[in-house]
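User: I'm new to this one. Could you take a close look at a single part for me, and give me some background to set it against?

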Protein chains: 4
Amino acid sequence: MDEIFDKLIRFQVERDWKKFHTPENLAKSISIEAAELLEHFQWGKDYNLEDVSEELADVLIYCIYMANSLDLDIKEIILDKMEKNAIKYPVDKSKGNATKYTEF
Amino acid sequence: MDEIFDKLIRFQVERDWKKFHTPENLAKSISIEAAELLEHFQWGKDYNLEDVSEELADVLIYCIYMANSLDLDIKEIILDKMEKNAIKYPVDKSKGNATKYTEF
Amino acid sequence: MDEIFDKLIRFQVERDWKKFHTPENLAKSISIEAAELLEHFQWGKDYNLEDVSEELADVLIYCIYMANSLDLDIKEIILDKMEKNAIKYPVDKSKGNATKYTEF
Amino acid sequence: MDEIFDKLIRFQVERDWKKFHTPENLAKSISIEAAELLEHFQWGKDYNLEDVSEELADVLIYCIYMANSLDLDIKEIILDKMEKNAIKYPVDKSKGNATKYTEF
């Protein structure tokens with residue numbers, strides 16, 4: 001992932017896009033790209049793998065830029081959130097059902 | 001990232017959630033979490049770093065589940081997309097401006 | 001609004017699109033169009049009025065189809081929600097600030 | 001709809017929220033509420049009608065505020081968009097299928 005990270009930063013610097021990549025603008029961008037991914041499932045569950053993988057990559061790219069703009073370590077924030085999710089969703093309450101923790 | 005990937009899969013298996021994690025449902029989930037991230041910027045650019053990092057982690061977690069459900073390698077799809085973006089956004093046309101490539 | 005409603009239903013019937021317009025698919029469609037609207041503000045607050053009004057119309061069109069698919073009266077659901085919002089956001093607590101009611 | 005419109009404006013004025021309701025912030029708000037609507041369909045097509053109608057109302061309320069902030073007439077922009085959609089999606093090409101016009 002370090003290689004990808006370095007390439008993404010170089011891409012950003014070369015285009016002088018750092019100034020656009022504020023946390024707020026990146027949050028909008030992630031939502032926009034997430035919806036482009038969703039568009040491939042707008043009318044059902046069938047999809048074209050290449051199209052979907054491109055849109056998924058776009059979401060990930062903006063997520064990485066966002067982590068960078070906030071000086072966050074991706075691995076760390078995922079592990080932290082997983083710990084919280086494990087408490088919110090204990091195995092005995094959530095096994096086999098998708099109920100939101102607020103509804104337990 | 002392999003460690004995170006393994007933990008996420010274990011979390012999913014323990015809760016028997018694989019059946020909910022279809023590509024379509026994950027695409028919806030990514031959009032939903034992206035909007036929760038955006039909510040922290042709903043009225044402006046100020047934010048609470050911990051809240052934002054949790055929501056960003058949620059987006060990333062669903063992206064990883066999606067890549068897994070489609071049997072995609074995250075590093076590979078990002079590198080592929082970056083190559084396409086480099087062609088869409090050549091440095092001379094995009095330096096210092098955020099114009100969409102369709103408007104060049 | 002009755003005229004618009006009738007036109008939208010005729011548009012739908014002529015194209016035999018009722019079968020695609022399930023509540024779930026329309027919920028996805030509203031999110032997708034909302035993101036296309038947001039895209040016009042991706043990098044800042046400036047916008048092209050015509051583009052923005054087209055995207056806003058798309059969101060509204062899918063909202064009307066959704067109300068129809070659920071047999072809901074738009075006027076009624078808005079009035080109901082406004083009553084709830086008035087309780088959630090009493091004037092004395094919310095005047096001049098955008099704090100979410102869960103944070104009062 | 002005029003009655004609703006007046007009530008919404010009064011609600012906004014009483015709380016001094018006009019200053020938050022910029023087109024950009026409203027575009028974010030529409031996406032955020034659209035995702036809350038989508039959340040009710042995150043894991044499938046079943047839904048609670050009351051919950052869904054509340055979220056749909058929230059999307060509509062922000063759409064009305066957005067039209068107001070841009071000085072747009074909702075009826076007019078919907079009719080204009082429907083004309084464009086009728087050209088993009090001629091009956092003979094789109095009858096019974098949900099193919100996007102860019103794929104015709």
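Predicted model: local features only at pLDDT ≥ 70, side-chain atom pairs only at ≥ 80, totals over all residues.

Analyst: The secondary structure here is 5 helices and 0 strands, so reading from the N terminus you get α-α-α-α-α, by the DSSP runs used to name the elements. In overall dimensions, the C-alpha atoms of chain A fill a box of roughly 50 × 35 × 25 Å along the principal axes. The radius of gyration of chain A is 17 Å, while a compact globule of 104 residues would come in near 13 Å. And if you take the contacts in chain A with a separation of 6 or more, 54% of them join residues 24 or more positions apart.

Now for the close-up, which is over in chain B: helix α3, covering residues 49-69. Its 21 residues reach 30 Å from the first C-alpha to the last, close to the 30 Å expected at 1.5 Å a residue. What happens where α3(B) starts? There, a side-chain oxygen of B:N48 comes to within 3.0 Å of the backbone nitrogen of B:E50. Past the other end, α3(B) is followed by B:D71, which has a positive phi, near 60°.

Notes. Residues numbered from 1 in each chain as written. Chains lettered and ligands numbered in written order. Heavy atoms only, no water. Helix = DSSP H or I, 4+ residues; strand = E, 2+ residues; numbered from the N terminus. Expected span 1.5 Å × (residues − 1). Polar contact = N/O pair within 3.5 Å; in protein donor to acceptor, adjacent residues only side chain to side chain. Rg over C-alpha atoms; globule rule 2.2 N^0.38 Å. Contact = heavy atoms within 4.5 Å.
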